[in-house]
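Subject: Structure handover

Hello,

Here is the structure we talked about.

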Amino acid sequence: MPIVAQSTDTTDWVSRYADEVIAESERRAPGKPVVVASGLSPSGPIHLGNLREVMTPHLVADEIRRRGHEVRHLISWDDYDRYRKVPAGVAGIDESWAQHIGKPLTSVPAPAGSAYANWAEHFKAAMTEALDELGVEYDGISQTEQYTSGVYREQILHAMKHRGDIDAILDQYRTKKAPGKKQSQKPVDEAELEAAEGSGAASEDDGSGGTSGYFPYKPYCGACEKDLTTVTSYDDESTELSYVCADCGHSETVLLSEFNRGKLVWKVDWPMRWAYEGVIFEPSGVDHSSPGSSFVVGGQIVREIFDGVQPIGPMYAFVGISGMAKMSSSKGGVPTPADALKIMEAPLLRWLYARRKPNQSFKIAFDQEIQRLYDEWDKLDAKVADGTALPADAAAHSRAVRTAAGELPKTPRPLPYRTLASVADVTAGAEDQTLRILRDLDPSDPISSLDEARPRLDRAENWITTQVPADARTIVRSEPDTELLSSLDDEGRESLRLLLEGLDSHWSLDGLTHLVYGVPKVQAGFSADATAKELPPEIKVAQRSFFALLYRLLVTRETGPRLPTLLLAVGAERVRKLLGA
């Protein structure tokens, strides 16, 4: 079908890019599927920052699919990249693994105990599982398979034939020669390669390191499999290539027209793939977008060498992390999509990427902030349901809860995350206790099974057990604090009497909320229903003091889970015992 851009809400970044990509695809390749792309390097755990490399084109591709057009989202697994360094924090990995540095990732053994054939497959597995849960539809391409099967042979021979032209382009961006000093052969974005580790950018030189001239192709050694090789000669007519390995000393002469054990250097490889796949849209991180970086240089190489066109390529900003109790830097790395999906549902994680423009940074919460994020999400859900959400917010919500293929799984009874977390904290996951408390939240419409609260309940339990430090967990007292109870003055004893007196008649989440906030009002001579506007400021002070007293009597601290939830979790009989009834 002919592709026609359909402009929608101008405040929605996804729709704007979809318009642009559809129009550009029609201009470049009318009648063909729209091609968007991502690149991921399985050199170690693929983290939440890398996920933006996938979610940005996924959201655009999904919008194009929703409009009825055919689109391919390619994910290039850069599994033919070299193994750069021994990553910190991977179980069973130590410095002895340095022996594999320089080999293709698919030639490095998987970590001990892995069920996968090699290093790359091991780290791809967790990401593919997460992408499936997130509803990301894509065509995966193994660069090991592409290179070793000879798919790119024509492009490799073409690049080698035009190596002088490529060298001249790269030389425009290399560090300039300082007076009296030899010109550096390192590209100016060496820091970019470090920053881009695991994000699709192979950390390799640009092919200019040899004394025999510039060659944009790096063979993997036939003896040790490493890329610590230098091309010593190449003949365009016969395609005869000679190289020597600096690691093991092996030298070899091969016919490049038949040789499949090597790859183009990164700054040539990436633009080659743009032309080969006909990529229309591919974002890149800030590390790729500086002067002299891979995306900038690639635009010139794809045009002048491969007769192609650079994709529409918005820069995307970094994704930060708010708290991560179980993942310190000493344990290595930053959290992955799989880590996030253990504590939050897929629609919430999708929403975090959908609601921010690619050039806006944001944080993913692993600390208490996750409760606020869930509150915000639930409020948006309610606004969408009653039709009061702003258009851009409604669009982001729609992209979070469904794809062109259908709705993502959701929790039938989405109870507040902070409530579920508090219940999980107090009950330590005991299902009978959890069900009792959740039934009491709304006696007029009680849940009949914990499955109604899942998977959100499971995510909240995981958050409590994996992200909340042990010293911050809630431990309910086993016996009353008789010393504190005996020290109370008349006002303190009266506050407890009023609470216990209303316990049975207010035994629900809303009822107990009304009760605990109302006790200090009643003691001050006001109605329990009095609003903040009707009350003097000192009532808030009295409420805080009352809450602190209850926390001390129930959990020995002056703070804890929301009191109504805590009271439900402790149970009426035990509350009476601990409050000295």
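This is a predicted model: local features need pLDDT of at least 70, side-chain atom pairs count only at pLDDT 80 or more; totals for chains, interfaces and linings use all residues.

**Helix packing**

Start with α19 (residues 509–523) and α21 (residues 563–570). They pack at an angle of about 120°, with axes 8 Å apart. The two helices are therefore oblique to each other. The crossing of α19 over α21 is right-handed. From α19, the contact uses Leu 509, Leu 512, Thr 513 and Val 516. From α21, Pro 564, Thr 565, Leu 567 and Leu 568 take part. By class, that contact has six nonpolar residues, two polar and no charged.

Next, look at α2 and α11. Their axes come within 10 Å and cross at roughly 80°. That makes α2 roughly perpendicular to α11. On the α2 side, the contact is made by Leu 48, Leu 51, Arg 52, Met 55, His 58 and Leu 59. On the α11 side, the residues are Leu 349, Arg 350, Tyr 353 and Ala 354. Here the classes are seven nonpolar, one polar and two charged.

**Buried residues**

Helix α13 covers residues 391–401. Its buried residues are Ala 395, Ala 396, His 397, Ser 398, Arg 399, Ala 400 and Val 401. What covers them? The cover includes helices α1 (13–28), α2 (48–66), α11 (346–354) and α12 (369–386). Strands β13 (402–403) and β14 (406–407) are also included.

Ile 364 sits in strand β12 (residues 362–365). Ile 364 is buried, at 0% relative accessible area. Leaving aside neighbours within four places in sequence, its contacts include Leu 48 of α2. Leu 349 and Tyr 353 of α11 are also among them. From Ile 364 to Ala 338 is 26 residues in sequence and 13 Å in space, C-alpha to C-alpha.

Thr 419 belongs to helix α14 (residues 417–427). At 3% relative accessibility, Thr 419 counts as buried. Beyond neighbours within four places in sequence, Thr 419 touches Leu 441, Leu 509 and Thr 565. Leu 509 and Thr 565 also take part in the contact of α19 with α21.

**Cysteines**

How many disulfides are there? The count is zero. A disulfide needs two cysteine sulfurs within 2.5 Å. The sulfur of Cys 221 has its closest cysteine sulfur in Cys 248, 3.6 Å away, too far for a bond. For Cys 224, the closest is in Cys 245, also 3.6 Å away and too far for a bond. Cys 221 is buried at 1% relative accessibility. Cys 224 is buried too, at 15%.

**Backbone details**

Most residues other than glycine have a negative phi, and most peptide bonds are trans.

- Arg 454 and Pro 455 are joined by a cis peptide bond, with omega about 10°. Pro 455 is in the loop between α15 (431–441) and α16 (456–467).
- Asp 307 has a positive phi, near 55°. Asp 307 is in the loop between α9 (294–304) and β10 (315–316), and is exposed at 72% relative accessible area.
- Ala 428 also has a positive phi, near 55°. Ala 428 lies in the loop between α14 and α15, and counts as exposed at 63% relative accessibility.

Best wishes

Definitions and conventions
Residues are numbered from 1 along each chain as its sequence is written. Side-chain values use heavy atoms; hydrogens and water are left out. Buried means under 20% relative accessible area, exposed over 50%, partly exposed in between (1.4 Å probe, protein chains only). Contact means heavy atoms within 4.5 Å. Axes are lines fitted to C-alpha atoms, for helices over the stretch in contact, and angles run from 0 to 180 degrees between N-to-C directions. Angles under 35 degrees count as roughly parallel, over 145 as roughly antiparallel, 65 to 115 as roughly perpendicular and the rest as oblique. A crossing is left-handed if the near helix is turned anticlockwise from the far one by less than a right angle, and right-handed if clockwise. Ala, Val, Leu, Ile, Met, Phe, Trp, Tyr, Cys and Pro count as nonpolar, Asp, Glu, Lys and Arg as charged, and the others, Gly among them, as polar.
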